Amino acid sequence: MRVSVIGGSSVPPETAAVAERLGERLAERGHEVVCGGLGGVMEAVCRGAASAGGETIGIVPTARRGDANPHVTVPIATGMGHARNALVILNGDAAIAVDGSHGTLSEIGLALAHGRAVAGLDTHAVDGVEAVESPREAVEYVERAVETG
């Protein structure tokens, strides 16, 4: 399946390490990563997925595919700014939120509005988001949710 990974665009090293492990785990399980294609959580999850041989789709807010981080295997330019958040969510079967601020919160809301299962790793406490403690738990949650959904 495709999993939208959403999160902060500027994160501390420990959060980046969690996102990188999440990307590795998703790729090891055969899932594609969809994200906003830039830095922070997006770059870390792509780096992890790419290191495990996974596919990464970066839906960037600018009109230039070259703005995607170097670990994105399929960059998609939108020229839409934050409006591209809807495309990040709609192109995943489920979502995992890692950290994040306002943009992540908007993506969580969009995911829930579109009926996507959402796992949260140290992110906003929102009804409908399944708080998990590790990348492994996040992947297991979205796998179960999509399988039974």
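This is a predicted model: local features need pLDDT of at least 70, side-chain atom pairs count only at pLDDT 80 or more; totals for chains, interfaces and linings use all residues.
**The largest pocket**
- The space inside the largest pocket comes to about 250 Å³.
- β1 and α4 (102-113) are the elements that each give two or more residues to its lining.
- The largest share of the lining, four residues, is from α4.
- By type, the lining residues split into eleven polar, six nonpolar and two charged.

**The nonpolar cores**
- The largest nonpolar core has 30 residues, and the ones touching the most other members are Val-5, Leu-22, Leu-26, Ile-96, Ala-119, Ala-138 and Val-142.
- Leaving out residues up to four places away in sequence, Val-142 touches Met-1, Val-3, Ala-94, Ala-95, Ile-96 and Ala-119.
- There's also a second, separate core of twelve residues, with Ile-89, Ala-97, Ile-108 and Val-118 among them.

**Helix α5**
- Helix α5 runs over residues 135-148; at 1.5 Å a residue its 14 residues should span 20 Å, and because its end C-alpha atoms are 20 Å apart, the two agree.
- Its buried residues are Pro-135, Ala-138, Val-139, Tyr-141, Val-142 and Glu-143.
- Those buried residues pack against β1 (2-7), α1 (13-28), β5 (94-98), β6 (117-121) and β7 (129-132).

How values were computed
Residues are numbered from 1 along each chain as its sequence is written. Side-chain values use heavy atoms; hydrogens and water are left out. The expected span of a helix is 1.5 Å times one less than its number of residues. Buried means under 20% relative accessible area, exposed over 50%, partly exposed in between (1.4 Å probe, protein chains only). Contact means heavy atoms within 4.5 Å. On a 1 Å grid over the protein atoms alone, a cavity is a set of points where a 1.4 Å probe fits but cannot get out, and a pocket is an open set with protein on both sides within 12 Å along at least five of seven lines; lining residues have an atom within 4 Å of a point. Grid points are joined across faces, edges and corners, and a volume is the space filled by probe spheres set on the points. Ala, Val, Leu, Ile, Met, Phe, Trp, Tyr, Cys and Pro count as nonpolar, Asp, Glu, Lys and Arg as charged, and the others, Gly among them, as polar. A nonpolar core is a set of buried Ala, Val, Leu, Ile, Met, Phe, Trp, Tyr and Cys residues joined through side-chain atoms within 4.5 Å.
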